[in-house]
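Biologist: I would like to learn how to read pockets and sheets in a model. Please take one feature at a time.

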Amino acid sequence: MIKLTDVEKVYRTSTIETMALSKVNIVINKGEFVSIMGPSGCGKSTLLNIMGLLDEPSSGKIEIDNTLISGYADKRLAHMRNQKLGFIFQSYHLINDLSVVDNVEIPLLYRKGVSGSERRKKALEALEKVGLNSRTKHYPNQLSGGQRQRVAIARAIVGNPEIILADEPTGNLDSVMGEEIMNIMLQLNKTEGTTIVMVTHDENMANKTERVIRFFDGRQVN
């Protein structure tokens, strides 16, 4: 599903070179729920951005569904992200001027051949999966943090992606709301077979996933 081979990421300025990732070799199998853990600044989010084709490595290979991602033009990368990947962020990244259902529809706006009525139908189905079918006309600032994260999950799954990449999805939530969000993701993984890679600082949340990959100073330590 996702394979990284000898992936490195180096940030350079005129005076300093910083190794964000060093010789990373990871295979994420189809249907897995994997956590990535490590202290702040260890390269977790950089790794997730590379997996999500939002950033490119300085060296090494990335494969998604046995397809080598190398030299892809921006348009082709954007198409692959839209078709195969769903993203969940710690800060939700919702548009406050749009209603809940309009926020969820956004990924489908970039898919050819999807009518307005079909977008609305799929968005409502996604919101029902996360238990927010009674909040479709609300706006993000009318929702709790947990509800906003559920909207973000609905937006991530509306296009039926094969892979969800979640960057600290429970990081801004209290323990009760965090458990609710985690349970939704576990259910998506179990019932839909969605592959999920989650960056987290929370050992309790990580232990609910099938596998934990740990990083320290840009290096994979297990």
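Biologist: Which residues lie nearest the centre of the largest pocket, and how many residues line it?

Modeller: First, the source: this is a predicted model, in which local features need pLDDT of at least 70 and side-chain atom pairs count only at pLDDT 80 or more, while totals for chains, interfaces and linings use all residues. Residues are numbered from 1 along each chain as its sequence is written, and side-chain values use heavy atoms, with hydrogens and water left out. Rolling a probe the size of a water molecule over the atoms shows where empty space is left. A pocket is an open set of points on a 1 Å grid over the protein atoms alone, where a 1.4 Å probe fits, with protein on both sides within 12 Å along at least five of seven lines; a lining residue has an atom within 4 Å of a point. Here 24 residues line the largest pocket, and Ala-78, Arg-81, Asn-82, Pro-107 and Tyr-110 lie nearest its centre.

Biologist: Which elements give two or more residues to that lining?

Modeller: They are α2 (74-84), β6 (85-89) and α5 (145-157), where helices (H or I, at least four residues) and strands (E, at least two) are DSSP runs numbered from the N terminus. The most comes from α2, with 6 residues.

Biologist: What volume does the largest pocket have?

Modeller: About 660 Å³, a volume being the space filled by probe spheres set on the points, which are joined across faces, edges and corners. The second largest pocket has about 350 Å³. Of its 16 lining residues, Glu-56, Pro-57, Ile-69, Gly-71 and Leu-77 are the closest to its centre. Two or more lining residues come from each of β4 (59-64) and α2.

Biologist: What is the strand order in the open sheet of 6 strands?

Modeller: Two strands pair if DSSP finds at least two bridges between them. The order is β6-β7-β8-β3-β9-β10, with mixed pairing. At the edges, β6 and β10 (219-220) each pair on one side only. Strands β7 (residues 163-167) and β8 (residues 195-199) run parallel, joined by 5 bridges; Ala-166 has Met-198 in β8 as its bridge partner.

Biologist: Which strands does α5 touch?

Modeller: Contact means heavy atoms within 4.5 Å. Angles run from 0 to 180 degrees between N-to-C directions, with axes fitted to C-alpha atoms, for helices over the stretch in contact. α5 packs on the sheet against β6 and β7, and its direction makes about 165 degrees with that of β6. Helix α1 (residues 44-51) lies across β3 (33-37), β6, β7, β8 and β9 (211-216), at about 155 degrees to β7.
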